[in-house]
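Please take a moment to look over the sequence and the structure shown here. The paragraphs that follow walk through a few of the places one might look at.

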Amino acid sequence: MLGFLGLAVGSFLNVGIDRIPRGQSLIRPPSRCDHCHHRLGIVDLVPVLSYVWLRGKCRYCGTGIPLRLPMVELASGAIFTFIGYKYGVSPETGILLLYSSILILIFFIDLYNGLILNKLIYPSILFALALSPFWSGLGVEGATDRLLNSLLGGGISFGILLVIYLLSRGGMGGGDVKLAVFLGLITGYPVIFVTLLISFLAGGMMASALLLMRVKRVHQAIPFGPFMATSALAALFWGQRISDWYWGLF
């Protein structure tokens, strides 16, 4: 059931990915083809299946439908299914469904637009603060201790990214610093170190590969938000285990 819900949520997230950067309403106008502006019917809006049935093209004008749409739907469905399988019916499931949806939005908006928007990140930070006393994934017991752990994670990640932002002199965007606060709040201490470490390693490897393949040049920007969002999602599921394993080596 959560898998099917995830497909539907993914469809809505696609609307957000398209409209939030443009400052448009998520409700009006109804979904339509970006090329011919024809209003889409129910048969055009079934997650994944519509894309397959229409062979990736608008049935009114024949323009290609972005592959991103079924990718987001499938990713949301898979993540929701995994959360349901891992946590069952629990408060943790509800919190993770919200966090994963926000991270998917951040991932694709930054990937396609190079933006981490205040209108998305500020409400996300407030959600994280409000939910932190109830989020057992922080690895501590008690509402007060969870809140403090969340604040500590947010403060650490903010400090680290702020220093990098100031030293890089434009090499890192201010949006990444704000995103770091959100990631620190939802993963807490010490898992935020796992999140940032995976982000830097993955981002560095991808940047090196793109430079070697001459897809990007030295001074061209590479969005860092997608790496941070993906790392945070992994840390939410396995961060504590990774942290315990790493410190166990010593």
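Helices here are DSSP runs (H or I, at least four residues), numbered from the N terminus. This is a predicted model, in which local features need pLDDT of at least 70 and side-chain atom pairs count only at pLDDT 80 or more, while totals for chains, interfaces and linings use all residues. Residues are numbered from 1 along each chain as its sequence is written, and side-chain values use heavy atoms, with hydrogens and water left out.

Helix α1 covers residues 2–19, and its buried residues (under 20% relative accessible area, with exposed being over 50% and partly exposed in between, for a 1.4 Å probe and protein chains only) include L7, L13, V15, I17 and R19. The buried residues of α1 pack against α3 (68–87) and α4 (91–113), where contact means heavy atoms within 4.5 Å.

R19 is buried yet has no salt bridge, the nearest side chain of opposite charge being that of D18 at 6.7 Å. A salt bridge requires a side-chain nitrogen of Lys or Arg within 4 Å of a carboxyl oxygen of Asp or Glu, and for charge, Lys and Arg count as positive and Asp and Glu as negative, with His and the chain ends not counted. The side chain of R19 does, however, reach the backbone oxygen of S25 at 3.0 Å. Leaving aside residues up to four places away in sequence, R19 touches Q24, S25, L26, I27, R28, P29, P30 and S31.

E92, in helix α4, is likewise buried without a salt bridge, and the nearest side chain of opposite charge, R146, is 5.7 Å away. What joins the side chains of E92 and S136 is a polar contact of 2.6 Å, that is, a pair of N or O atoms within 3.5 Å, of which, within protein, one must be able to donate a hydrogen and the other to accept it, and residues adjacent in sequence count only if both atoms are side-chain atoms.

R59 lies in the loop between α2 (49–53) and α3, and because its relative accessibility is 42%, R59 counts as partly exposed. The side chains of R59 and Y60 are joined by a polar contact of 2.9 Å.

Conventions. Helices (H or I, at least four residues) and strands (E, at least two) are DSSP runs, numbered from the N terminus.
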